[in-house]
Amino acid sequence: MEDSVVVITGGHGGIGRVVVEYLLGKGAKVVVLDVNDTTSSKLKLNKNYTFIKTDVTNIKELQNAHEIIKDKFNHINHLISMAGINMKSEINGIKGITFEDIDKSIKLNLNAHIYLVKTMLDLIEITNSDNKSIIMISSINAITRYGLPAYSAAKSGIYGFMKSILNEVGKSNIRVNTISLGTVPHMDQDIEGDEYFENYKNHLAIKSFVRPTDVADTIYSMLGLSKCINGQNIVLDMGQSV
Ligand SMILES: NC(=O)c1ccc[n+]([C@@H]2O[C@H](COP(=O)([O-])OP(=O)(O)OC[C@H]3O[C@@H](n4cnc5c(N)ncnc54)[C@H](O)[C@@H]3O)[C@@H](O)[C@H]2O)c1
C-alpha cells in the first residue's frame, strides 16, 4: 500500500472519510473526488491527501480530474467508486418516486460508476504493478427486498457492469469487485435506542452493525492482501440480507 495511488469517489462521506483516513494511515497516496469540499483540517494537512472537487455524474469534470491525476501521479493503482445516495422520494416506493428522482438516482448510482471506470481506466492500465484493482460500492438493496426502486436497480446494475468488464480489464491484470453493504451507521451517529436503527437491528443475525471502520478494513484487505478475489460481490452486512 505504501506509495500506491488510490482514487476514491465519495471520500468525504460518512463511510468514505474513514476509508480515506485508514488508507492514508497505511501510507497510500489518496485522491478524493467529491462534490462536497468540506473535510477535516487533519486531512488537509496530510501531504498524501489530494482533493479534486468533482461531480461524478459530469463527464467533463471527470475528464478534468483525470488530467489532474495524470499530471500529478501519472498512474492509479486502485480505484474505489463509492459516491452514491438514495433519493428522498423513493422511500415511498415505486408509487412515490418521481420521474426526476429515477433519472437522478440511476445517473449517480449506476452511470457515474461506469463513467468513472471508463475515464480512469488508462491510468490503471499503465501502472507497472501486479496489484491493481477497481472496487465499486453496492448495497444489499441489490440482492434483497428493501424497497428504494431506482437505487436498488442501480446497485444491481453495478454488479452486472463489474462482470461485463472482468475479462477486458483482466488483460491488464486489473481485478474488479463490488462490495454490497448492509446498514452502516456512520461513526458520529448515535444508534443506541434510535428507532430507525433498532428496526434494522432486528434483521441482523449478529446484533451489531457494520461500521465504516469495518468497511475500511475490508477494502484495505481487498486492495493489499486478498489478491485472488476477482469478479466477486463481497457482502458486508452481519447476515442482514439472508
Ligand atoms: N451507509 C449505509 O448504510 C449504506 C448502506 C449500503 C450502501 N451504502 C453505500 O455506501 C456508499 C457511501 O455511503 P455513505 O453512507 O458514506 O453516504 P454519504 O451520503 O455519507 O456519502 C456520500 C458521499 O458521496 C458524495 N457525492 C454525492 N453525490 C456526488 C456526486 N454527484 N459527485 C461526487 N460525489 C458525490 C457526497 O458528497 C458524500 O461525500 C454509497 O454508495 C452508498 O450507497 C451505504
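Predicted model: local features only at pLDDT ≥ 70, side-chain atom pairs only at ≥ 80, totals over all residues.

Overall build. I find eight helices and seven strands in the protein chain. The radius of gyration is 17 Å, close to the 18 Å that the globule rule gives for 242 residues, so the chain is as compact as a globular protein of that length. Its C-alpha trace spans about 45 × 35 × 35 Å along the principal axes. Of the contacts with a separation of 6 or more, 71% are between residues 24 or more positions apart.

The core. Which residues touch the most other members of the largest nonpolar core? I get V6, V7, I8, V19, V30, L79 and I219, out of 58 residues. Helix α5 (residues 99-125) gives the most to this core, with seven residues. I looked up I8 too: beyond its neighbours within four places in sequence, its contacts include V19, V30 and M82.

Helix α1. In residues 16-25, I see G16, R17, V18, V19, V20 and L23 buried. Among what covers them are β1 (5-9), β2 (29-34), α2 (41-45) and α8 (212-224). After α1 comes G27, with a positive phi near 95°.

The ligand. I count 24 residues around the ligand, and the closest are G10, G13, G14, I15 and G84. That shell has ten nonpolar, twelve polar and two charged residues.

Note on methods: Residues numbered from 1 in each chain as written. Near = placed C-beta within 6 Å. Nonpolar A, V, L, I, M, F, W, Y, C, P; charged D, E, K, R; others polar. Buried ≥ 20, exposed ≤ 12 C-beta atoms within 10 Å, placed from the backbone. Helix = DSSP H or I, 4+ residues; strand = E, 2+ residues; numbered from the N terminus. Contact = placed C-beta atoms within 7 Å. Core = buried A, V, L, I, M, F, W, Y, C linked by C-beta atoms within 7 Å. Rg over C-alpha atoms; globule rule 2.2 N^0.38 Å.
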